[in-house]
Each structure stands twice: as structure tokens, then as C-alpha cells.
Amino acid sequence: MKKILFLTSALALVVAGSAFAGQAAKNTGCGLGTVLWGDKADGSILSQSLQATTNGTFGNQTFGITSGTLGCDQPESLAQSDKLFEFAAGNLDNLARDIARGSGESLDTLAELMAVPQGQRVVFNASLQQNFDEIFATGDETPGTVLIRIAKIAG
């Protein structure tokens, strides 16, 4: 009786494991864990947990999304220019100061890199200034996080 129960359980695990093999990438998302363990994934709970734990431990999905690496798709609004990310990374303090006052060279450059039409830049600058606390909520934001928040506000 125990052998039949064991064989039935083992067969159910094999069938269930293969049925959900394609779900691994959907459940774990992109990130270092998906890159490291994705090729070895068999769709099991253990495999997906290993991928998700690695993704969560290293907290690299924001970087992956903004840079378009680690199996992440870069948001279309940010993918228009890698220069945008490089600019934000090198000028984050100046950008924060200019957004806070609603004008400045860094804010003009940001608008240009984001392809904001010249006639809409006053509204763009004012919108970012009004949402400064949302863009720089903690003061420890990464350039990628700031750009994602700006893109969300700019619509």
C-alpha cells in the first residue's frame, strides 16, 4: 500500500512539474537570479524559489529594468536614449536642485534627452517641481528610480 501511495505521489509531482515548467520566468521575473539559474530551471518550486530569492537578495531588478539587462525589458520611454541614464547618473544632485526650483541647465538637458517638445517644457518643468517629493522621496534614490518616477509623472 505504501509503495502505491509513493508511486502515485511521485507520478503526480513529475506531471505537475512538467506542466508548470514554462511558468518559471513569469513567476520570478527578470534579474540576476533568473540569469544565473534560469537555464537550470525545471519549473519546480525549489528552482523558482532559488531564482526569486537570488533576485530579491541582490535587489538588482531596478538596475535591470533601467539598463535593459539581466533579462529585463527596458521601458520604452527610457530605451530611447542610453544617454538619458548616463546623464542622470552623472548629474543627479544638479538635477534634484533644478527640479526643486523648476528651472536650470540640468532640467533643460533632461527635457531635451526625453524629447519633450520645446513648447511643453514649461509645463514639464512645473509638473516635476510640483512632484519633487514624489521623485526624491527618500533622498537615496538611484538614477534609474528617479528616471522611472519622472517618466511616470511626465506620462
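This is a predicted model: local features need pLDDT of at least 70, side-chain atom pairs count only at pLDDT 80 or more; totals for chains, interfaces and linings use all residues.
A polar contact here is a pair of N or O atoms within 3.5 Å, where, within protein, one must be able to donate a hydrogen and the other to accept it. The side chain of E141 reaches the backbone nitrogen of G139 at 2.9 Å, and a polar contact at 3.0 Å links the E141 side chain to that of R149. E141 sits in the loop between α11 (132-135) and α12 (143-154). Despite being a glutamate, E141 comes out at 9% relative accessibility; the cut-off for buried is under 20%, so E141 counts as buried. Setting aside residues up to four places away in sequence, E141 touches L92, I135, F136, V146 and R149.

I135 turns up again in the largest nonpolar core. This core has 20 residues, and those touching the most other members are I99, L110, F124, L128, I135 and I150. In soluble globular proteins, nonpolar side chains tend to be buried together. L110 shows how these pieces meet. Once neighbours within four places in sequence are left out, L110 is in contact with L84, F87, L95, F124, L128, L147 and I150.

The structure holds one disulfide, and it joins C30 to C72 with an S to S distance of 2.0 Å. C30 lies in the loop between α2 (24-28) and α3 (32-37), while C72 lies in the loop between α5 (61-67) and α6 (76-79), so the pair ties together parts that are 42 residues apart in sequence. The torsion about the S-S bond of C30 and C72 is about 95 degrees, which means that the disulfide is right-handed. Are the two cysteines buried or exposed? C30, at 15% relative accessibility, counts as buried, and C72, at 5%, counts as buried too.

Note on methods:
Residues are numbered from 1 along each chain as its sequence is written. Side-chain values use heavy atoms; hydrogens and water are left out. A disulfide is a pair of cysteine sulfur atoms within 2.5 Å. Helices (H or I, at least four residues) and strands (E, at least two) are DSSP runs, numbered from the N terminus. Buried means under 20% relative accessible area, exposed over 50%, partly exposed in between (1.4 Å probe, protein chains only). Contact means heavy atoms within 4.5 Å. A nonpolar core is a set of buried Ala, Val, Leu, Ile, Met, Phe, Trp, Tyr and Cys residues joined through side-chain atoms within 4.5 Å.
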